[in-house]
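Hi everyone, thanks for coming along.

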Amino acid sequence: MLANFGYGILFITFLVTLYSVFAAIYGESKKMPAMVESARRAMLLTWPLLTLTAGILIYLLVNNHFEVQFVYEVTSRSMPTYLKVTAWWGGQAGSLLFWSWLMSAFASLVTLRKWDRDRELLPWVILVACITMAFFIGMNVFFENPFAQLYQTSTAIEAHTFQPANSILFTPQDGRGLNPLLRHPGMVIHPPMLYLGFVSFVIPYAFAMAALITGRTDDRWIRLTRRWTLWAWLFLSFGLVLGGRWAYDVLGWGGYWGWDPVEIAAFMPWLTGTAFLHSVMIQEKRGMLKHWNMLLIILTYDLVIFGTFLTRSGVLSSVHAFAQSAIGPLFMGFVALTLVSSVGLIIYRWDSLRSETEMTSLLSREALFLLNNLMFISILVVCFWGVIFPLISELFTGQKVTVGPPFYERATGPLFATLMLLMGIAPLSAWGHSTVKTLGQTIWKPTAGAVIVTAIIFATYTRNVYAIIGFFLVAFVILVTLYEYWRGANARQKSQNENIFTSFWNLTGRNRRRYGGYIIHLSMMLMAIGILGIELFQVETQGTVQQGESLSLANYELRYKEIAQWDDLPSGVNYRRAVLDVYQDDQYLGQLVPRIDYYYDSQQNMTIPGQRSTMKDDLYVLLVDWEPASAAGATFKIYVNPLVNWLWLGSLLFLAGIIIAAWPERELEPVIVRANRHVQQTSAAD
Amino acid sequence: MSMIFFPKSKKIITNYCKASLWDQLLLTMLCIFTLAITIATPVFAQDGTPTDDEVNRIAKQLYCPVCESTPLDVCPTEACRQWRDLIREMLARGKSEAEIKQYFVEHYGPQVLNEPPNRLVIYIVPIAAFLLGAFILFRGFQVWRKPITTESGSVKKEAKPVQDPYIAKLEEELKRRN
């Protein structure tokens, strides 16, 4: 009953989004502001409607309504309530609804802003947002209904939206339970973060399309959506980092990133989004690259749709899976349609998007930003090609292949290194003009510093060529960024007569985007230290030992002390927990407790590592195998992951940097008011 | 005692003592180096059972034939454990790394390898795309630096007469803000 009600609300929401689309077009074409206003209100209505739908779904999840297929698939009686709530995005139907719900929240937020000066853009923003929403809600309504119920007919038990003739409702005793891998706290926040990032990129895209349709091809849309874009980027980046941390803590393979297609699906919009964040600055400062920025935001939007689709369906496993799934071709159709129509609009407005100024120097900041874009897009090509190549291979040759980490690492490594180099040079080059001489005057000091740091690393830490190049670039970027900070603060200190801390503070406060950006650069370098460490210096060993025996790796020694196994019946989990004493150079450091959790409802194992984390390295131990009855001892796998903690440290700094960059600025409104008044005064004088 | 196994060892030792300090140093370094290499090179256990690390070194390069995108060395399923045991068995029988990989490809298809067998196809596309992008960018630089100068000039000429002081002021204010 309640499930049918939920489906009804969902269907009404679908109709409301369609109405909004038509009202926006009709109102705009017939010049009826009331109609556009009606479209706006209809869009505002989607959020309460979807919230109600989601509320019903959550109610069903929490109260064990296993007659609902989705509830049956993702929950079980033994799961705690908070996990039942988050099981909402633990399956395809629910996560599509989650997507739409977030999208409606963002769309409502956008419509609530003051539209006075940008009234002409409004109907088109509504149009784009509502078409996107209608597509996702339509997926739920017609193909992936989260409210479908299980019915028993004479032949089988099947899920249907409406009760088939001669059938009775079927309620299983217990659900299948959420995949244990998804029961980790990291998994509770990682998907919402990622989806927030995905969804909020729709807003800048909607404004870009509105700008193209109305012919307002100045950079107004970019200025309007600048903060949106930054927040979108924040969520997406943080979603990616959380995903990495989750993998590190839960998946038990000693790493955080495995170049899995699903990871890459989330990484691709991040690449174009990052390129976009940089290249819009060229348009703002120099009035160039308008076509390119449009293209980047279109790509980001379509990669978001593509990514949502990839992360939620098993299509990548085989071409056949893709053809069999109902939503696969529809998703591809939607991506193709939006891509073609958006690019069509760019071509239609081609002439009015021409550059206002010319490129003057190959070393100017805009030229370096373009090179940065080339690198990001090249990494995108590597990722995209790697993801779709297995499908292409199967389609054309019938041969199934895997594209694993070696390809991605080899192909993106030099591109990432070049990006780091650009990250070091670009902040020192000027907009418009820059010559070898002017650049050389500023760059030699940080370069010299980086050479010294690298020499020290060479002498004390490593002789690995890749590591040396990597650490040089890290040192170079960090020194350039600090040098930039110092130069700015120094200048302020002299001109404003402030002390050094005040001038640092004010410098950042006055130009948040720039200095927030620099903090992000610094944080990326800390992350790079972690990535270099784990990628180049990770060591591992595996062995089977009896109690009292030990395994050694690097300068660690792990002595197997004891093991225990017990059932936790209320939560339906069997625990196997080993205790190991850790020694480093014969000095006792503490204990590690790797464990294996077996979930009875979903019949899956989860391997939780024992970790000991320092800034120098992580000791990471997995219990691979142990049978209570056998005398074979326990098998452990041990990793030493050097420097990996810098990755997580970097991501915290990253968060700080992006919040500084995206923080709302107070000065914006008063300045505009002043500008208007000024104009009024002059016109009055005239 | 050592004389029995190494009859010439005494001579070597006397020569070593006679040599100059630098030669001694060089010789010592050489010995340590050789020793280090011997220790560092993985040696198969004498009893014929290869260690887990030797198995994992090969399993790492293979993908689980059933689970999606999971390397064989970390795959927790029972099936994968049996496949790892198979690798161990083959190593014990003296099979080489290439032979083991070949065996897996023959039985489970090329998707067990972490890279497609024909590497050229997969690497050529990103390289070509990068070169194309670089070329477009290079052409872009050339174009931007020349003809647009005249165009922007003409825009300015056109713009001036229509511009009224109101808009000009506004523009100026806005520019100052940036």
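Of the 686 residues in chain A, 58% count as buried, where buried means under 20% relative accessible area, exposed means over 50%, and partly exposed is in between, with a 1.4 Å probe and protein chains only. Please keep in mind that this is a predicted model: local features need pLDDT of at least 70, side-chain atom pairs count only at pLDDT 80 or more, and totals for chains, interfaces and linings use all residues. Residues are numbered from 1 along each chain as its sequence is written, chains are lettered from A and ligands numbered from 1 in the order in which they are written, and side-chain values use heavy atoms, with hydrogens and water left out.

Chain A exposes about 28,300 Å², and 63% of that comes from carbon and sulfur atoms. Those areas come from the Shrake-Rupley method with a 1.4 Å probe, and for residues only the protein chains shown count as cover. In secondary structure, chain A has 21 helices and 13 strands; these are DSSP runs numbered from the N terminus, with helices being H or I of at least four residues and strands being E of at least two. Among the contacts in chain A with a separation of 6 or more, 71% are between residues 24 or more positions apart, a contact being heavy atoms within 4.5 Å.

Let's start with a sheet. Which strand order does the open sheet of three strands have? In chain A the order is β2-β1-β3, with antiparallel pairing. Strands β2 and β3 of chain A are at the edges with a single partner strand each, so one side of each has no neighbour in the sheet. Two strands count as paired if DSSP finds at least two bridges between them. β1(A), residues 149-152, and β2(A), residues 157-160, run antiparallel and share four bridges, and a hairpin of four residues links β1(A) to β2(A).

While we're here, look at N166(A), in the loop between β2 and β3 of chain A. Its phi is near 55°, a positive value in a residue other than glycine. Is N166(A) buried or exposed? N166(A) is exposed, at a relative accessible area of 76%. Now for another residue with positive phi: L289(A), again not a glycine, has phi near 65°. L289(A) lies in the loop between α10 (261-286) and α11 (290-312) of chain A, and L289(A) is buried, with a relative accessible area of 6%.

On to the other sheet I picked. Here four strands of chain A form an open sheet in the order β4-β13-β12-β11, with antiparallel pairing. The edge strands are β4 (539-545) and β11 (610-613) of chain A, each pairing on one side only. Neighbouring strands in this sheet are turned by 15° against each other on average, direction ignored. Axes here are lines fitted to C-alpha atoms, for helices over the stretch in contact, and angles run from 0 to 180 degrees between N-to-C directions. β4(A) and β13(A), residues 634-642, run antiparallel and are joined by seven bridges, with T544(A) opposite T635(A) in β13(A). Helix α19(A) packs on this sheet, touching β4 and β13 of chain A, and its direction makes about 135° with that of β13(A).

That helix has a helical partner too. α19(A), residues 512-537, packs against α20(A), residues 645-662, at an angle of about 170°, with the axes 7 Å apart. That makes α19(A) roughly antiparallel to α20(A), a term used for angles over 145 degrees. The residues of this contact divide into 16 nonpolar, seven polar and two charged. Nonpolar covers Ala, Val, Leu, Ile, Met, Phe, Trp, Tyr, Cys and Pro, charged covers Asp, Glu, Lys and Arg, and the others, Gly among them, are polar.

T53(A) is in helix α2 (residues 33-62) of chain A and is buried, at 0% relative accessible area. Leaving out residues up to four places away in sequence, T53(A) touches G6(A), I9(A), L10(A), T13(A), L97(A) and F147(A). S76(A) is in the loop between α3 (69-74) and α4 (81-86) of chain A, and S76(A) counts as buried at 0% relative accessibility. Beyond its neighbours within four places in sequence, the contacts of S76(A) include N64(A), D174(A), R176(A) and D601(A).

Terms used:
Parallel < 35°, antiparallel > 145°, perpendicular 65-115°, else oblique.
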